[in-house]
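Me: Please take a close look at a single part of this model, the place where its two parts meet. I would be grateful for one connected explanation with each term defined.

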Amino acid sequence: MEKTAFLGLGSMGLPMARHLLASGVPLTVWNRTAAKAAPLAAEGATVAASAAEAVRDADVVITMLADPDAALAVAEEILPALRPGTHWIDTSTIGPDAVRELAGRLPAGVTLTDAPVMGSVDRAAAGQLWVLAGGPLPGPVAELLGRLGEVTRCGPAGSGAALKLVLINAAIGGVALVAEALRLGRELGLPEELLRAELAKGPLAGAVARAYAEGVYFPVRLAAKDVALATALAPLPVLDAVHAALAGRADLAGEDLSRLRDR
C-alpha cells in the first residue's frame with residue numbers, strides 16, 4: 001500500500017485520519033500541536049516530529065488545515081521535502097486562488113489534487129464525507145479519497161475548492177436564515193415545535209436539519225472564514241450580512257454553527 005502522510009489533526013483531520021487508519025491505511029501523522037497526534041499513535045500511526053519529516057518518504061500526502069495562511073505555511077515546510085512522484089491531496093477549505101498558488105509552487109513530478117469535503121465530524125469518522133475533487137485524480141489518490149466518502153470529480157485544479165465555497169456558503173447562509181426565521185416566529189408568539197415542523201416542509205428543510213443537528217462540529221469562526229473567502233471573490237451582499245453576523249458573535253466563535261439558533 002502507498003505510504004501516506006496526514007498533516008493537520010484538528011476537529012476534521014483527526015476523525016478523517018482515524019478512519020483511514022481503521023480501514024487499513026498505514027499513516028505517518030503530524031500536527032503543529034503535537035499532543036493532538038497522541039491518540040493516533042496509540043492506534044498505530046507513526047508520529048513525525050515535523051511536517052517535512054512526515055512527507056519525506058510519503059507517496060501520498062493529505063493535508064487538512066484551517067485556512068489559506070495555514071496551508072501556505074505548511075507548504076513552505078513540505079515542498080522542499082516532496083519527492084518526484086508524490087501526490088498531494090489538500091482537503092482544506094482554502095478557496096481556488098490559494099489552490100492555484102500552491103499548484104504553481106510544486107516541485108517537478110509532484111501533483112496536487114484539491115479535495116475539500118462537505119460533512120462534519122460524524123461523517124468524517126464514518127467515512128461518509130462528500131469529497132469535491134479538482135485537478136488530477138490518479139489511482140492512489142482516487143483510492144484514498146474513496147475511503148473518505150463519495151467523490152465528485154469537479155474539473156481542473158481549483159474546481160473542487162470553488163465548488164466547496166458555493167456549497168458551504170449556501171449551507172451557512174441557510175442555517176443563519178433558519179435561525180432568524182425561528183427568532184421571528186418566537187417574537188410573533190409561535191411555538192418552536194410548530195416553526196421547526198413547518199420550516200422543514202419547505203425549501204429550507206436541509207438547513208433546518210443542520211440547525212438542529214447533534215454530534216456535529218463546525219465552529220462559527222471557521223464558518224466566518226469560509227464566508228469571507230466567498231465575499232472576497234464576488235459582490236455578495238446577503239453573505240456580507242451573514243459574515244457580519246458571524247464575526248459579531250465572538251461568544252460563539254468556538255461553538256458549532258447550530259448555536260446561531262437561540263436556545
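Reply: Domain 1 and domain 2 bury about 1200 Å² between them, and 73% of this area lies on carbon and sulfur atoms. Buried area is the accessible area (1.4 Å probe) that two parts lose on being put together, summed over both. Within the share that domain 1 buries against domain 2, Thr-93, Met-118 and Ser-120 supply 35%, more than any other three residues. This is a predicted model, in which local features need pLDDT of at least 70 and side-chain atom pairs count only at pLDDT 80 or more, while totals for chains, interfaces and linings use all residues. Residues are numbered from 1 along each chain as its sequence is written, and side-chain values use heavy atoms, with hydrogens and water left out.

The domain assignment, which is automatic or taken from a database, places domain 1 at 4-155 and domain 2 at 163-261. To the contact (heavy atoms within 4.5 Å), domain 1 gives 18 residues and domain 2 gives 14 residues. The centres of the two domains, taken over C-alpha atoms, are 28 Å apart. Between domain 1 and domain 2 there are zero salt bridges, a salt bridge being a side-chain nitrogen of Lys or Arg within 4 Å of a carboxyl oxygen of Asp or Glu.

Lys-225 belongs to helix α11, residues 220-231; helices are DSSP runs (H or I, at least four residues), numbered from the N terminus. Leaving aside residues up to four places away in sequence, Lys-225 touches Ala-66, Asp-67 and Thr-93. Lys-225 has a relative accessible area of 18% and is therefore buried, a word that means under 20% (1.4 Å probe, protein chains only).

Note on methods
Helix = DSSP H or I, 4+ residues; strand = E, 2+ residues; numbered from the N terminus. Buried < 20%, exposed > 50% of the residue type's maximum accessible area, 1.4 Å probe, protein only.
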